[in-house]
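Open the model in your viewer and keep the selection tool at hand. The tour goes from stop to stop, and each stop says what to select and what is there.

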Amino acid sequence: MPAGGGLEPPPVPDNQAHPAGWLHVPSLSSCDTICAIATPPGEGGIGILKISGPEACSIISDLFRSRSTEHSLRPFRLHYGWIANPVTGQCLDEVLVAYMAAPHTYTREDVIEINCHSGSAVLRLILELVLAAGARLAEPGEFTRRAFLNGRIDLSQAEAVIDIIRSQSDQSLFLANQQLLGGLRDQVESLLTTLTELHAHLEASIDFADDLNDEVTLSGPVLADLIDIRMGEPVAEMLRQYKNGRIVREGLTLVLVGRPNVGKSSLLNALLVRDRAIVTAFPGTTRDVIEDSFLLAGVQVRILDTAGIRQQPDTIESLGIERTLQAVDQADLVLWLLDQSQPLTPADDQVHQSIMDKRRVALLNKADLPPVTTVADITARYGDQAPILALSALNPQDVEQLRQWLAAEFLHKPLETANSGMIPNLRHHQALQRAQAALGQARHLLRQGGYPELVSVEFQSARHALESIVGRVDDESLLDQIFAQFCVGK
């Protein structure tokens with residue numbers, strides 16, 4: 001871990017770091033000194049306590065007893081010694097202390113990290129000493145919030161930090177790191193620069209309409225075309241990437257549905273390569289939704305096994321079927337299981353009716369038994385355009401082929417296009433939609449041949465939407481909402 005206690009992207013160039021005054025916050029010199037335990041609770045080899053703020057050095061000088069001949073802490077070095085109670089002189093733990101000097105730290109403030117043995121008692125006692133020495137306990141995400149407020153990262157990069165912490169797969173981690181390194185910020189800054197140029201042309205046509213000739217100013221239709229090419233198309237492409245980005249970031253959600261006893265639980269166990277669900281020959285064994293996950297092509301796949309849907313269920317089954325339908329609503333893909341060894345039934349019709357509007361694939365299961373229902377039967381009965389695959393959930397080779405097919409059909413494109421341009425965050429997606437709407441209205445007004453002042457208002461709306469992505473907003477509630485998702489200590 002780099003100095004400062006977090007992943008350290010390349011420094012933001014001065015022309016991209018946000019200027020002071022975006023938010024009404026205290027100046028850096030008057031900020032409180034904050035502290036928190038940065039490692040998870042429980043026993044472990046190392047526990048880390050972080051201190052950040054103007055009094056960090058004076059606080060540690062009261063508590064740290066160095067074993068070296070140096071009396072002062074040198075920055076960006078590890079110093080060996082003990083933490084002791086300054087009143088009683090009692091030593092609490094043998095530690096390594098790191099001092100990172102501002103502004104080259106995670107928060108751009110002076111930062112102290114105390115590396116001690118990990119245990120609830122020792123960490124609690126050291127934290128109490130730091131608090132008694134003048135620090136206050138940090139709020140959730142306050143270290144990263146200070147990194148944002150002090151200009152080291154923008155808001156999209158701050159959100160990438162929590163995405164890294166929550167990553168469950170290689171691909172989601174890669175995408176979060178691309179955002180932390182400034183991929184999204186660079187795209188937004190490029191759009192803002194283009195918008196400034198177009199707005200300047202518009203303002204010139206308003207302010208100097210009588211002084212400039214047609215060769216200098218741009219006509220309304222020409223400016224509208226430039227908006228389309230230089231802003232409309234890039235924004236539209238970023239929006240198109242949202243679905244792929246969300247799958248990489250959050251994973252793919254699969255739901256197994258079908259009438260009772262078609263092999264849903266057997267397929268769940270086969271995909272997980274372990275016995276997760278009870279499997280019996282009796283219909284209706286699964287009464288509730290069973291959820292688990294596995295990795296597919298480096299992407300987290302969440303899979304839900306559901307109660308079988310059939311006519312005239314009992315009271316408990318009815319509750320299970322209700323939850324099945326709720327699971328279908330949240331699925332990215334429905335795996336509809338049918339029994340190849342049995343004829344189609346009204347219960348299969350009922351299942352089909354409940355998933356008609358969902359993205360789905362039909363799985364003709366029990367291919368190891370003599371066939372009664374065929375692919376042609378399914379197509380003739382339902383006229384379904386969804387893919388139909390035959391397999392046996394008991395055959396590992398069939399299950400592996402299903403995994404490969406799912407990866408190729410539903411994960412290949414997201415993984416192929418996984419880059420810093422993906423927009424996996426709903427907040428960013430909504431901001432881009434607002435910018436797109438404002439730019440669309442500006443194009444409409446320009447092509448009508450007038451209303452330059454109204455076009456200017458739409459440009460301002462588009463700018464505000466784009467700036468909200470990187471945090472150029474005076475909105476404390478937005479920051480509270482974002483940083484409340486973080487743990488204390490980050």
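Select helix 5 (residues 170–180) together with helix 8 (residues 242–250): the two pack at an angle of about 120°, with their axes 7 Å apart. Helices here are DSSP runs of H or I with at least four residues, strands are runs of E with at least two, and both are numbered from the N terminus. The axes are lines fitted to C-alpha atoms, for helices over the stretch in contact, and the angle, from 0 to 180 degrees, is taken between N-to-C directions. Now show the side chains of Gln171, Ser172 and Leu175 in helix 5, which meet Gly245, Val248 and Arg249 in helix 8. Contact means heavy atoms within 4.5 Å. The residues of this contact divide into two nonpolar, three polar and one charged. In this sorting Ala, Val, Leu, Ile, Met, Phe, Trp, Tyr, Cys and Pro are nonpolar, Asp, Glu, Lys and Arg are charged, and the others, Gly among them, are polar.

A note on the model: it is predicted, so local features need pLDDT of at least 70 and side-chain atom pairs count only at pLDDT 80 or more, while totals for chains, interfaces and linings use all residues. Residues are numbered from 1 along each chain as its sequence is written, and side-chain values use heavy atoms, with hydrogens and water left out.

Go next to the aromatic rings. How many aromatic pairs does the structure hold? There are three. Rings of Phe, Tyr and Trp (its six-membered ring) pair if their centres lie within 6.5 Å; planes under 30 degrees apart are stacked, over 60 edge-to-face, and the rest tilted. One of the pairs is tryptophan 405 with phenylalanine 410, edge-to-face at 5.7 Å centre to centre and 75° between the planes. Another is phenylalanine 483 with phenylalanine 486, tilted at 5.4 Å centre to centre and 35° between the planes. Phenylalanine 483 and phenylalanine 486 are both buried. Buried means under 20% relative accessible area, exposed over 50%, and partly exposed in between (1.4 Å probe, protein chains only). Phenylalanine 410 counts as buried because its relative accessibility is 9%.

Select lysine 50. Its charged end sits over the ring of tyrosine 106, 5.3 Å from the ring centre. Lysine 50 also lies over the face of phenylalanine 143, at 4.5 Å from the ring centre. A charge sits over a ring if NZ of Lys or CZ of Arg is within 6 Å of the ring centre and within 35 degrees of the ring normal.

The next stops concern the backbone. Most residues other than glycine have a negative phi, and most peptide bonds are trans. Select alanine 102 and proline 103, which are joined by a cis peptide bond with omega about 5°. Proline 103 is in the loop between strand 5 (91–100) and strand 6 (111–118). Then select valine 273, where phi is positive, near 60°. Valine 273 is in the loop between helix 9 (264–272) and strand 9 (290–296), and it is exposed because its relative accessible area is 68%.

Finish at serine 468 in helix 15 (residues 452–470). Is serine 468 buried or exposed? Serine 468 counts as buried because its relative accessibility is 5%. Leaving aside neighbours within four places in sequence, serine 468 is in contact with Leu155, Arg427, Ala431, Arg434 and Val473.
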